[in-house]
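Visitor: I would like to go through this protein step by step. Could you please show it to me?

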Amino acid sequence: MAENKDLTKEIEQSHVDNVIHVIEKKLTRMEEKTGTLKQDIVSLRKTFWEDVTVNLDEPDDVIETHTSIRQQSELLSERERSHRQLYKQWNNLTRLKSSPFFGRIDFKEDGEERTEKIYIGLFSLMDEQDEEFLVYDWRAPISSMYYDYAPGPAKYETMDGFIHGEMELKRQYIIRDGKIKVLFDTGVTIGDEMLQEVLSDQADTQMKSIVATIQREQNEIIRNDEKKYLIVQGSAGSGKTSAALQRVAYLLYRYRKKLRADNILLFSPNPMFNSYVANVLPELGEENMQQSTFFQYLLHRLDDDFIVEDPNTQIEYMLSTNRDAIFSVRKAGILYKASIAFKQMIDQYVLYLNDEGMQFKNITFRKEKFINKEEIEQYFYSLDRSISIPNRIIIVKDWLLLKLKEKEQEERPKEWVEEERELLEREDYLKVYKKLQKEQRFTDDTFNDFDREEKLLAEWIVRKRIKPLRRKIESLAFIDLPTIYRNIFAWALQSDFPNLPDCWQEIGEETGNELKNRQLNYEDATPFLYIKDKLEGKHIYSGIRHLFIDEAQDYSPFQFAYIKEIFPNSKMTILGDINQSIYSHSTNNESGLAKSDSLFPLEEQKKIVLTKSYRSTKQIVEFSEMILTDRPSIEPFNRNGSKPMVAKVNNVPHLNEKIVEQVRKLQSEGKETIAIICKTAKETLAAYQELSKQLPMHLIQKETHSYEKGLLIIPSYLAKGIEFDAVIIYNGSSDVYHEEDERKLFYTACTRAMHSLTLFYIGEKSPFLQKVDTSKYEEVSFA
Ligand SMILES: Nc1ncnc2c1ncn2[C@@H]1O[C@H](COP(=O)(O)OP(=O)(O)OP(=O)(O)O)[C@@H](O)[C@H]1O
């Protein structure tokens with residue numbers, strides 16, 4: 001048997017050698033070609049102006065010159081495009097040279113004599129004559145069988161329908177530097193042995209691609225194309241993010257003629273996560289899609305007018321503030337502002353604004369009102385009510401601009417203009433002179449004419465002064481959005497809007513205070529933008545064809561509904577885990593993910609549930625799932641490690657001392673990435689100040705954009721989405737973690753661990769551990 005295996009390996013290795021030989025030949029040919037192409041580009045750039053005819057004497061000559069320049073630059077960009085293309089192919093081939101393929105299936109199509117050996121790798125490779133495939137790209141239709149079937153009957157879809165047949169063999173390889181390290185023949189899923197190999201690796205500060213071991217249910221996410229909304233509920237570590245990134249690569253391959261990386265946008269949870277996933281697509285030979293956090297989007301729309309609270313500050317507030325009356329009002333506000341009910345309220349309120357209630361700002365020039373808000377309001381409501389509000393706003397804008405023009409003329413002869421003119425420095429004067437000359441407003445002679453000079457300067461001064469005002473009017477800043485938003489609270493009371501929270505009035509007051517200070521809390525940012533769009537006209541992102549939302553449990557129903565409206569042409573892939581809901585709105589069941597059925601038309605959505613967890617050892621998965629009250633059935637991947645340790649210590653100094661010991665132990669065991677997870681940023685900073693005296697470590701804060709291997713200390717909510725070899729829960733005591741709405745946060749923190757999990761506590765351990773079976777952890781007391 002062993003002999004057979006050796007023989008198989010030998011035969012396969014000689015196949016690998018042959019493939020590498022072909023790759024090498026192709027690479028040499030390509031290097032020759034890229035060399036000449038590069039020279040071409042360099043010489044084209046050098047001689048660019050020699051080869052174009054520049055003659056600007058006559059209008060006809062100008063046209064000819066223009067055409068000549070255009071032709072030359074088209075030629076250059078054509079060459080550059082070919083060079084980029086060749087460079088990409090060269091890169092792909094170089095990668096294939098080290099590991100040409102990772103899988104093979106032998107497939108006998110129904111009605112055919114011959115069984116075809118299909119080797120599957122990161123990219124396609126043709127033989128030297130470019131006739132036969134030596135390797136198929138993992139995203140090719142035929143390769144889907146590798147992920148979807150065990151040996152036996154199998155099928156794959158082509159443009160002309162399904163191809164049926166028999167899969168006679170399914171084999172996996174790990175090939176490094178051209179040598180087969182391991183090889184397995186596998187059954188239903190991509191073999192456990194292979195996964196064991198991959199998953200026993202150390203955590204990395206960058207996510208890796210998983211193409212060689214994609215599981216069947218993950219493949220369904222990657223290739224699914226039927227519906228507009230693909231919604232994935234997957235437990236911690238089930239490969240949601242991984243599947244999402246491979247799906248981007250798949251879409252870029254499948255629709256390569258019409259989809260570019262910048263047509264795809266990923267909303268990720270925080271900037272650090274952006275860098276964590278940044279390597280996957282380049283590893284797969286594709287460009288990265290656009291990435292942003294939803295908060296960055298909100299900032300992009302609101303930053304000029306307000307200081308917008310970021311979501312981490314909101315969580316920090318909720319986790320570290322005394323649960324007093326003010327806290328309760330804020331919490332009730334957060335919940336309501338997350339709901340579809342609030343969105344419907346805004347819709348109704350906008351209907352009301354159609355007839356009355358719009359608020360505008362006075363328009364002042366040099367501290368004097370020259371159009372007052374009542375006048376604008378009157379004009380707005382004098383317009384035909386059948387015209388939509390955004391269209392009426394445009395009419396108002398044009399009317400205001402006209403008034404501004406009149407104002408501009410009125411101001412020119414005024415005294416202040418003369419005063420300013422006299423104060424003009426020589427430099428300013430010259431600037432005006434040059435500017436006016438550029439605009440061909442005078443000839444050299446006429447500027448010497450005193451009256452004319454005076455007039456032109458006055459025009460220039462007034463125009464300059466009025467410019468910022470014009471900009472404001474053009475950007476519709478004359479609408480008093482903060483007051484409009486604030487008024488909604490009183491309006492809802494007056495109009496008996498149903499099911500308002502008990503403390504609605506207080507919520508309104510708090511919101512009003514915040515707006516007066518030109519601040520916008522995170523929970524208000526989306527509703528505020530929504531109402532802004534309703535009044536000013538929607539901002540639609542039609543260039544985005546596919547939107548990915550990761551950690552989707554953090555989005556409120558309101559946010560989802562809003563996102564759906566601003567990306568009307570996008571397909572969406574929405575991935576999350578309701579058990580990892582950490583925001584106040586989502587822990588209290590106002591998670592958009594939990595309510596996806598009412599948010600997206602059922603006939604347009606496809607739901608996939610992932611229950612298998614690949615990140616953590618069996619022991620960590622079994623321990624962590626017991627923290628949850630509605631215990632999900634999470635199936636751990638069969639990888640063993642030691643049980644989590646729950647350790648009692650005496651007090652904070654003792655806690656720090658034991659943590660230092662534990663870190664040293666983990667380091668001596670070879671754990672490379674170790675995270676000490678604290679609950680809040682406040683706790684993190686305090687712990688860092690003590691612990692870093694003894695151990696060098698990285699402090700992770702909300703501003704951190706990337707992290708390095710080694711020891712780090714991090715607040716719980718920033719750790720989501722990422723993973724570490726070993727996790728230490730800094731202080732899992734009952735006085736730190738006890739509020740029911742913090743249970744999922746505690747769970748999320750524990751599920752970041754791949755191989756080792758330790759929890760320390762002082763006094764009583766968190767009640768979240770009460771229901772965890774004592775057989776699932778090792779209890780230790782250092783007290
Ligand atoms: N098919 C697979 N083959 C190899 N590794 C996998 C596979 N699926 C997932 N993994 C690994 O499991 C770990 C968790 O994956 P990932 O981060 O994508 O999960 P997730 O569902 O997004 O997790 P969470 O919701 O907890 O953040 C990663 O290390 C990933 O590489």
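Visitor: How many helices and strands are there in the protein?

Guide: The protein has 28 helices and 26 strands. Here helices (H or I, at least four residues) and strands (E, at least two) are DSSP runs, numbered from the N terminus. This is a predicted model, in which local features need pLDDT of at least 70 and side-chain atom pairs count only at pLDDT 80 or more, while totals for chains, interfaces and linings use all residues. Residues are numbered from 1 along each chain as its sequence is written, and side-chain values use heavy atoms, with hydrogens and water left out.

Visitor: What does the C-alpha trace span along its principal axes?

Guide: The C-alpha trace spans about 105 × 80 × 55 Å along those axes.

Visitor: And what percentage of the residues count as buried?

Guide: Of the 783 residues, 53% count as buried. Buried means under 20% relative accessible area, exposed means over 50%, and partly exposed lies in between (1.4 Å probe, protein chains only).

Visitor: Why is H21 described as largely enclosed?

Guide: Because 14 of the 15 residues of H21 are buried, the helix is largely enclosed by the rest of the structure. Just after H21 comes Gly537, which takes a positive phi of about 105 degrees.

Visitor: Which side chains does Lys532 meet in a salt bridge?

Guide: The side chain of Lys532 meets that of Glu536, at 3.4 Å, N to O. A salt bridge is a side-chain nitrogen of Lys or Arg within 4 Å of a carboxyl oxygen of Asp or Glu. Both residues lie in helix H21, four residues apart, about one turn of the helix. Glu536 and Lys532 are both buried.

Visitor: Why can such side chains pair at all?

Guide: Side chains of opposite charge can pair when their charged atoms come close.

Visitor: How many salt bridges does a search of the whole structure find?

Guide: The search finds 46 salt bridges. One of the pairs is Glu739 with Arg323, at 3.4 Å, N to O. This pair links distant parts of the chain, 416 residues apart: Glu739 is in the loop between strand S24 (724-729) and helix H28 (743-750), and Arg323 is in the loop between helix H10 (311-320) and helix H11 (325-337). Glu739 is partly exposed at 25% relative accessible area, and Arg323 is partly exposed at 33%.

Visitor: Which residues are linked with them in a network?

Guide: Arg323 and Glu739 belong to a network of salt bridges with Lys331, Lys679, Asp741 and Glu742.

Visitor: A new topic, please. Is Asp577 buried or exposed?

Guide: Asp577 is buried, with a relative accessible area of 1%. It lies in the loop between strand S16 (571-576) and helix H23 (584-587). Asp577 and Ile221 are 356 residues apart in sequence and 15 Å apart in space, C-alpha to C-alpha.

Visitor: Finally, where is Glu415 found?

Guide: Glu415 is found in helix H15 (residues 415-423). At 59% relative accessibility, Glu415 counts as exposed.
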